[in-house]
Amino acid sequence: KEIPVIPNSIDFNDSETEIVQGISKPFILDINAYIAKKNTITLFKAFNIIKDSVPFDVVCCGGYKDETYFSMLQEYIHKYALEDRIHMLYKISEAQKKWLLKNAALFVTPSLYEGFGRTPIEAAICNVPVISTKETSLYETTMGLVNYYDNATDENELADTILTVIRNSPSQTTLSSIANTFKTTYAVKNCAQKYIALFNHILSS
């Protein structure tokens, strides 16, 4: 039988923001926990390849970290003298996160595993170009509408994809269309109506 699919809802209000001190625009943003399955190291390696070809810094922020993985990321930054180009934020406020999403030039998620994948949707809602892996739920959640690279751990492929998107940035019309699609699909009211319809169907069966 057909399986009803109801997505998580996203109630994203970007009206209240707080500037993150020390971060200058433009920047490439990744919002993920600092743990191995989020694959931040591939973004760092990709950026190291193209750092002299792009005017952007990289900003990462997460609310959780594995100390060993976090230290490994810090060591990589130090090894390649990227302290002035890669900024690792930890446990910032929701208002600061919204500021980052609204002001990013590009959002990249190199994640190897997501149960849903909320942050690339939020970035797209803010009219920011998004690059994502196709791992687990990410391609389905983003509905095939953003930019993708196939091998999640291939820093060369990610580097090429970043350069391609930067040099051929989607038009504001395209970005607005993607944003509106996500706003509608993941609107709290629309998701709630799907639950009501499902419950009514079950009760009437």
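Are Phe116 and Tyr186 buried or exposed? In this predicted model, both residues are buried. They also make an aromatic pair of the edge-to-face kind, with 5.6 Å from centre to centre and 85 degrees between the planes. Phe116 sits in the loop between S4 and helix H4 (118-125), while Tyr186 sits in the loop between helix H7 (172-185) and helix H8 (188-204), so their pairing ties together parts that are 70 residues apart in sequence.

The structure has seven aromatic pairs. Another one is Tyr139 with Tyr148: the ring centres are 4.8 Å apart and the planes are at 50 degrees, so this pair counts as tilted. Tyr148 is buried, at 17% relative accessible area, whereas Tyr139 is partly exposed at 40%.

## A lysine over two rings

Now look at Lys65. Its charged end sits over the ring of Phe70, 4.2 Å from the centre. The charged end of Lys65 also sits over the ring of Tyr90, this time 4.5 Å from the centre.

## Helix H6

H6 covers residues 155-167, which makes 13 residues, and spans 18 Å from first C-alpha to last, close to the 18 Å expected.

Which residues of H6 are buried? They are Leu158, Ala159, Thr161, Ile162, Leu163 and Val165. The buried residues of H6 pack against helix H1 (40-50) and several strands, including S1 (27-31) and S4 (106-109).

Terms used:
Residues numbered from 1 in each chain as written. Predicted model: local features only at pLDDT ≥ 70, side-chain atom pairs only at ≥ 80, totals over all residues. Heavy atoms only, no water. Helix = DSSP H or I, 4+ residues; strand = E, 2+ residues; numbered from the N terminus. Expected span 1.5 Å × (residues − 1). Buried < 20%, exposed > 50% of the residue type's maximum accessible area, 1.4 Å probe, protein only. Contact = heavy atoms within 4.5 Å. Phe/Tyr/Trp six-rings, centres within 6.5 Å; stacked < 30°, edge-to-face > 60°. Lys NZ or Arg CZ within 6 Å of the ring centre and 35° of its normal.
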